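Hi there,

Here is the structure I promised to pass on to you. Please open it beside this email, and then read on for what I found in it.

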Amino acid sequence: MKKFFKPLPDLEERLDQVNERVRRARRTLDWRTREARIPLDIQEDFGISELEGDVMLVSRDGSVHDKVRNLVRSEGYGCDIPERSSEAIGLLKLGKYQMIIADYTRRSRGRLFEYVRRYQPHVKIVSIVRNNHEGRQVMRAGSYSYLLGRGFDPEQLRTCIISALKLKHRACWLLTNGERCNRSCVDDFQSDEDFAEIE
């Protein structure tokens, strides 16, 4: 009588699969560890007192940096510019920000925007987009407002800052309804005394 033996699985093949899973798990753990250390590294490298807080700009376009930083400071707020979105998330964990101005990209949408939506929904996001179609997308995704292109109108950004940070509006109702920014949300308030009455 013949016995039929089941062939044993190739042990080397199974060992290779296990080793690949271990490599992937190590990479994921290393990445998560680096992400978790970012706030500590920031504190060590700069100290929290060197951070300006209030507004964060996340953009790789150097020509936008000075434009935004100067405008934000002229309204009496500080502005920090992290180098990467992972550093931006680390800065957010320090809890000093009320607004983020960010290029709208798949990466920012996937990580930074999701982090804000999940853990710090009080932080308002003003997205820099390429066209009105992207603008409508970011508004549906929860952005406070959007700016068209890197050569955006500085007065529109000033309006966003006043509306979001001084008047504490929830979102730009004009852009939410598909209309253009006309500064109507801030035109009635001209002085710091007016803003003080609201608070």
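**The sheet and what surrounds it**

Strand β3 (residues 97–103) and strand β4 pair in the parallel sense over five bridges. Strands here are DSSP runs of E with at least two residues, helices are DSSP runs of H or I with at least four residues, and both are numbered from the N terminus. Two strands count as paired if DSSP finds at least two bridges between them. In general, strands of a sheet pair through backbone hydrogen bonds, either parallel or antiparallel.

Before we go further, please keep in mind that this is a predicted model, in which local features need pLDDT of at least 70 and side-chain atom pairs count only at pLDDT 80 or more, while totals for chains, interfaces and linings use all residues. Residues are numbered from 1 along each chain as its sequence is written, and side-chain values use heavy atoms, with hydrogens and water left out.

Back to the two strands: I100 has I125 in β4 as its bridge partner, and I101 has V126. On to β5 (residues 145–148): four bridges join this strand to β4 (residues 124–129), and the two run parallel. Here I128 stands opposite L147, and V129 has L148 as its bridge partner.

Touching, or contact, means heavy atoms within 4.5 Å.

Together, β4, α5 (residues 132–140) and β5 make a right-handed β-α-β unit. Right-handed means that, with the strands pointing away from the viewer, the path from the first strand over the helix to the second runs clockwise.

**Inside the protein**

Is β4 mostly covered or mostly open? Six of its six residues are buried, so β4 is mostly covered. Buried means under 20% relative accessible area, exposed means over 50%, and partly exposed lies in between (1.4 Å probe, protein chains only). K124, V126 and I128 point one way from β4, while I125, S127 and V129 point the other way. In a regular strand, the side chains alternate between the two faces of the sheet.

The largest nonpolar core has 22 residues, and those with the most contacts inside it are M56, V58, L92, I100 and L112. At least two residues of this core come from each of β1, α3 (85–93), β3, α4 (106–119), β4 and α5. A second, separate core of 20 residues includes V126, I128, I161 and L165. A nonpolar core is a set of buried Ala, Val, Leu, Ile, Met, Phe, Trp, Tyr and Cys residues joined through side-chain atoms within 4.5 Å.

Let's zoom in on two residues. Not counting residues up to four places away in sequence, V58 touches P82, A88, I100, I101, A102, D103 and L112. L92 is found in helix α3. Why does L92 count as buried? Because its relative accessibility is 0%. Leaving aside neighbours within four places in sequence, its contacts include M56, I100, L112 and V123. L92 and V123 are 31 residues apart along the chain, with 9.1 Å between their C-alpha atoms.

Helix α3 itself is mostly covered, with eight of its nine residues buried. Just after α3, G95 takes a positive phi of about 70°.

**The whole chain**

The protein chain has eight helices and five strands, and along the sequence they follow the pattern α-β-α-β-α-β-α-β-α-β-α-α-α. Buried residues make up 40% of its 199 residues.

Happy exploring!
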